[in-house]
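Open the model in your viewer and keep the selection panel at hand. We will go from the whole chain to a few aromatic rings.

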Amino acid sequence: MSEAERLAPAQPMIAESAIAAEGPRARRHDGTGYLLAAAGAILFSIKAVIVKLAYGLSVDPETLLALRMGFSLPFYLAIGFHAVRGRRHKLAALPAPSRILAAALIGTLGMWVASYTDFLGLQYISAQFERLILLTYPMFVVIFGAMFFRQTVRARALIALGVSYAGLALIFGESFSLEGQDIAIGAGFVLVAAIAFALFQLLAKNAIDEMGPKLFTCIGMTGASIAAFIQFFAGHSGRELLVTGPLLFYSLLVAIGATVLPSFFMSAALHRISAQANATIGVLSPVSTIILAAIILGERMTTAGVLGTLLVIGGVGWFTLADRR
């Protein structure tokens, strides 16, 4: 027997051993991704409660969004600078200008368009209803993934979408009968936010894989901040950003606790798990929002509200579990 023949049987064994070792590592990698996605979802969920508190101080959406971006931008610039230094230290090439521009535009879609329409909607609807509408964005991830990114869409996604929107329709119908047209306006704005965020999830995946979550997040949030500042200064004076007292506290809280930390958690999760998996973890958000809104804002739910909430969470939750299996 030749040396090559004698060693040949060992090669499949080595390959099998490598695959076996890779399994636990892959599971740990996925597990970390799910934990990061969950942390991001929970932190993002406090945003609606903070915004509702800030609106009680007579601040408009444009000013509040500019404050949010203004207080969070220094963190992104500092971390982005560190990420660039790290790439140069490793002699890794920096992204091409076209890729940087693309990342900035994707970030603008996800953190300015989605945030601004969400802030507008929160002027008209409760924090609980807002979070339930946003919760349906994973369904749009699946649908748009099939429409524009050649991803497979399963029947259960459409069934889950139907169940969730039946719950939203139940809550909307009751709220509309009690409060009228304002509910329709607010729900429409938040639905636009959900669609924008779903597109952000799909578009961000490849960019994050290419340049890493830290650098992508910093570039994307810088683009969103520039857009927010342009919008603010188009109709406001810079003096309106010099806030104090409770509004300063709420601005810092929404900037750091509900923007900086969850955005990095979300990007890091997207680096480890799929956009669909990352999106479906968002089922935790409405639960957190419902609890916080009840404790802090005094929001309560009627019987129709509870049933609608169960339908929304049940539809998305069932889809999540079925997709994981």
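The tour below starts with the overall fold and then moves to ring pairs.

**Whole protein.** Keep in mind that this is a predicted model. Show it as a cartoon. You will find 13 helices and zero strands. Now colour by burial. Of the 325 residues, 49% are buried. Next, think about contacts between residues at least 6 apart in sequence: 89% of them join residues at least 24 apart.

**Aromatic pairs.** How many aromatic pairs does a search of the whole structure find? The search finds seven. Select phenylalanine 140 and phenylalanine 144. Their ring centres are 5.8 Å apart and their planes meet at 25 degrees, so this pair is stacked, the limit being under 30 degrees. Both residues sit in helix α6 (residues 137-148), four residues apart, or about one helical turn. Are they buried or exposed? Phenylalanine 140 is buried at 13% relative accessible area, and phenylalanine 144 is buried at 12%.

**Next stop.** Select phenylalanine 197 and phenylalanine 200. Here the ring centres lie 5.5 Å apart with planes at 25 degrees, so this pair is stacked. Look along helix α8 (residues 181-211): the two residues are three apart in it, about one turn. Phenylalanine 197 is buried, with a relative accessible area of 13%. Phenylalanine 200 is buried too, at 7%.

**Last stop.** Together with Phe197 and Phe200, they form one aromatic cluster.

Conventions
Residues numbered from 1 in each chain as written. Predicted model: local features only at pLDDT ≥ 70, side-chain atom pairs only at ≥ 80, totals over all residues. Heavy atoms only, no water. Buried < 20%, exposed > 50% of the residue type's maximum accessible area, 1.4 Å probe, protein only. Contact = heavy atoms within 4.5 Å. Phe/Tyr/Trp six-rings, centres within 6.5 Å; stacked < 30°, edge-to-face > 60°.
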